[in-house]
Amino acid sequence: MTRTVYVNGEYLAEDQATVSIFDRGFLMGDAVYEVCAVLEGRLVDTPGHFARLRRSMTALSMPETLDNDELLHVHQELVRRNALREGLVYLQLSRGVADRDFAYPGSETPPTLVLFTQAKAVIDSPLAHRGAHVITQPDLRWGRRDIKTVQLLYPSMAKMAARAAGADDAWLVENGLVTEGSSSNAFIVTRDGRLVTRELSSDILHGITRAAVLRLARDVGLVIEERAFTPEEACMAQEAFMTSATSMVTAVVSIDGQALGDGRPGAVAARLRTLYIEESLRQAE
Ligand code: PDD
């Protein structure tokens, strides 16, 4: 089926949709994005994703775009027009079209706003059932990872390195400490049952799923430590998992070839995944 996508106020067939070659997203990577999951035809945690979009835009002094009600409407309209039951909606917002220059164009330049859907089995994902094998890679990204920019080349390289090693994904390491996954936040469960994930800073993306999972974990009485951990500590952990809008909560079963626990998805990850899916289904709009 040809998808319907959204470009600057218009709903178009995907093969009719175009963006200028002078778009700063293309020329300079001068763009931010968001990804919302869709379950049963409804969107998960749009307030969180829209709030982070505003934070990214503010950090980069990007011009205003649609307000949150309008953004929600475009998301829902795309889900409806594409009859999407389960998958993702991607929002890409660039600083717009201007002659190539390192300096930002003036405020008269309107941003480019593109949204599109992607069908995907989010709940019944094969990776979630069997658990992910991850390798560690040096974190060579820039220093503002809290801004969700489209500059995704290094995460792509890390993912390709994982594939080449026969693994599913990479966890990134800086100064001997895990920052996060190539496109997810990283968690471990210690042998005495504490949940550990790196504290928020400009070193990591402030995951919307991370925040929800921490809240759910607190509600069920888990002890939480927001601090950095080493790959060695992760390898010795009882369990590990990663969170993102696209993978929800996905267990990690080995790190650099070393099996965690009994080498199968752990109980804490499974429980948090179930709780997260239940809450998402209740609250999706
Ligand atoms: N990635 N850290 C990084 C580097 C990410 O790219 C992502 C999400 C996350 C998790 O954030 P959230 O829970 O808000 O999805 C953490 C998205 C899904 C992507 O690029 O496809």
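This is a predicted model: local features need pLDDT of at least 70, side-chain atom pairs count only at pLDDT 80 or more; totals for chains, interfaces and linings use all residues.
Which polar backbone atom is 3.4 Å from a nitrogen atom of the ligand? That atom belongs to Ser 183.

View 1. Residues are numbered from 1 along each chain as its sequence is written, and side-chain values use heavy atoms, without hydrogens and water. Polar contacts (pairs of N or O atoms within 3.5 Å) include an oxygen atom of the ligand 2.6 Å from a side-chain N or O atom of Thr 209. A ligand oxygen atom is also 2.8 Å from a polar backbone atom of Ala 245. The protein buries 92% of the 470 Å² that the ligand exposes when taken alone (Shrake-Rupley method, 1.4 Å probe).

**View 2. The shell around the ligand.** The ligand has 20 residues around it (a heavy atom within 4 Å); Tyr 33, Arg 52, Glu 180, Thr 209 and Ala 245 come nearest. The shell comprises 5 nonpolar, 11 polar and 4 charged residues, with Gly counted as polar and Tyr as nonpolar.

**View 3. Domains at the ligand.** Domain 1 (4-119) and domain 2 (126-283) each give at least three residues to the shell; the bounds come from an automatic or database assignment.

How values were computed: A polar contact is a pair of N or O atoms within 3.5 Å; within protein, one must be able to donate a hydrogen and the other to accept it, and residues adjacent in sequence count only if both atoms are side-chain atoms.
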